[in-house]
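Here are some points for a first reading of this model. Please keep the sequence and the structure open beside the text while you go through them.

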Amino acid sequence: MLIQLLTSLSLAVPVEMNHQGRLLDTNGAGLQGTQYLTVKIYDSETGGSVVYNESLIVDCDNGFYSTTVGMSGMLDSEVLDQYPLWLELTLGTNPPMEPRH
């Protein structure tokens, strides 16, 4: 029984991924300052189900940002084992960026 419990606990390893990007306004200028970014991971390129969701606050310098996805502790190896997965980003209250990657 103890071995079974330890085995099941070891399957889901917390994961953190570095994510970098550049956010531009409609004129192509890099955004500045604090921005709110929602990261969703789907099991399909279009439609599909959300397998992970996290809201992040990023600091932009000429649009460039770097953040860590998974700091909430909910992103684990079991989520990433559902390959292929697709990343969707949403800036603030805007519609999601397309296409998913």
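1. Two strands are said to pair if DSSP finds at least two bridges between them, where strands (E, at least two residues) are DSSP runs numbered from the N terminus. Strand E2, residues 33-42, is joined to E3 by ten bridges, and the two run antiparallel. Within this pairing, the bridge partner of tyrosine 42 in E3 is valine 50.

2. A word on the source: this is a predicted model, in which local features need pLDDT of at least 70 and side-chain atom pairs count only at pLDDT 80 or more, while totals for chains, interfaces and linings use all residues. Residues are numbered from 1 along each chain as its sequence is written, and side-chain values use heavy atoms, with hydrogens and water left out.

3. The order of the open sheet is E3-E2-E5, three strands with antiparallel pairing. Its edge strands are E3 (50-60) and E5, each of which pairs on one side only. Neighbouring strands of this sheet are turned by 25° against each other on average, direction ignored, with the axes being lines fitted to C-alpha atoms and the angles running from 0 to 180 degrees between N-to-C directions.

4. The side chain of glutamate 88 makes polar contacts with the side chain of tyrosine 42, at 3.4 Å, and with that of arginine 100, at 3.2 Å. A polar contact is a pair of N or O atoms within 3.5 Å; within protein, one must be able to donate a hydrogen and the other to accept it, and residues adjacent in sequence count only if both atoms are side-chain atoms.

5. Valine 39 belongs to strand E2 and counts as buried because its relative accessibility is 1%. Leaving aside residues up to four places away in sequence, valine 39 touches several residues, including Tyr52, Leu56, Val69 and Glu88, where contact means heavy atoms within 4.5 Å.

6. Strand E4 (residues 64-69) is joined to strand E1 (residues 17-22) by six bridges, and these strands run antiparallel. In a regular strand the side chains alternate between the two faces of the sheet.

Note on methods. Helix = DSSP H or I, 4+ residues; strand = E, 2+ residues; numbered from the N terminus. Buried < 20%, exposed > 50% of the residue type's maximum accessible area, 1.4 Å probe, protein only.
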